[in-house]
Amino acid sequence: MAKPDKVAAVAEIADHFRNSSATVVTQYNGLSVSQLSQLRRALGTSAKYRVAKNTLVQRAAEEAGIEGLHELFVGPTAIAFVQGEPVDAAKALKTFAKDNTALVIKGGYMDGRPLSVEEVNQIADLDSREVLLAKAAGAFKAKLSQAAALFQAPASQVARLAQALADKQGEGAPASDEAPAES
């Protein structure tokens, strides 16, 4: 018979799986409590970092309908349940893992499929949502400026043509100070 505390832990982890935009599975063997606290601070509000027993995590994943992660649940396992942007959490984990070799990224899960370590690293290398939006806004502004110049060009060409025509007509017409020649 299952103990009530284990049932509650499985239900909580299953809820984390269901409510997360992505998850990153890590091995934390060798990290101190203070280093784990630093990692949690680095993740901020973008992810919850949870250490749990592999059997409980496997049951919770099955309960949440998550498949393909069983081989990752070996050894000391902790999971980052990403609440916000997956890019921000993946960057924080990758940066922390560079500075602390005891943290090993094993893989992850996003958009209904498991992720390899390489895919998690590729996500970490992406620009954040804000940077991508700023780049898109800059590109739109450049295109709008080009369109405005394109629409303005015919009007200025017509104005220059009209001025040139007026100048040419002014050259060919006799000046008002001169009297017309009589023949």
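Q: Leaving aside its neighbours within four places in sequence, which residues is Ala 80 in contact with?
A: In this predicted model, Ala 80 has Ala 22, Thr 23, Val 24, Leu 43, Ala 47, Lys 48, Tyr 49 and Leu 93 as its partners, with heavy atoms within 4.5 Å counting as contact. Local features need pLDDT of at least 70 and side-chain atom pairs 80 or more, while totals for chains, interfaces and linings use all residues. Residues are numbered from 1 along each chain as its sequence is written, and side-chain values use heavy atoms, without hydrogens and water.

Q: What makes the set around Leu 39 and Tyr 49 a nonpolar core?
A: A core joins buried Ala, Val, Leu, Ile, Met, Phe, Trp, Tyr and Cys through side-chain atoms within 4.5 Å (buried is under 20% relative accessible area, exposed over 50%, partly exposed in between; 1.4 Å probe, protein chains only). The largest such set here has 25 residues, and Leu 39, Leu 43, Tyr 49, Ala 80, Leu 93 and Leu 103 have the most contacts inside it. Strands E1 (22-27), E2 (47-51), E3 (77-82) and E4 (104-110), plus helices H2, H4 and H5 (117-125), each bring at least two residues. H4 gives the largest share, seven residues. There's also a second, separate core of 18 residues, with Phe 17, Leu 56, Leu 69 and Phe 81 among them.

Q: How do you know whether H2 is roughly parallel or antiparallel to H4?
A: Check the angle: H2 (residues 33-43) and H4 (residues 86-99) pack at about 150 degrees, with axes 9 Å apart. Under 35 degrees is roughly parallel, over 145 roughly antiparallel, 65 to 115 roughly perpendicular and the rest oblique, so H2 is roughly antiparallel to H4. On the H2 side, Gln 35, Gln 38, Leu 39, Ala 42 and Leu 43 make the contact, and H4 answers with Ala 89, Ala 92, Leu 93 and Phe 96.

Q: What do we call the way H4 lies to H5, and why?
A: Their axes come within 7 Å and cross at roughly 110 degrees, so H4 is roughly perpendicular to H5. Pro 86, Val 87, Ala 90, Lys 91 and Lys 94 of H4 meet Val 120, Asn 121, Ile 123, Ala 124 and Asp 125 of H5.

Key: Axes fitted to C-alpha atoms, helices over the stretch in contact; angles between N-to-C directions. Helix = DSSP H or I, 4+ residues; strand = E, 2+ residues; numbered from the N terminus.
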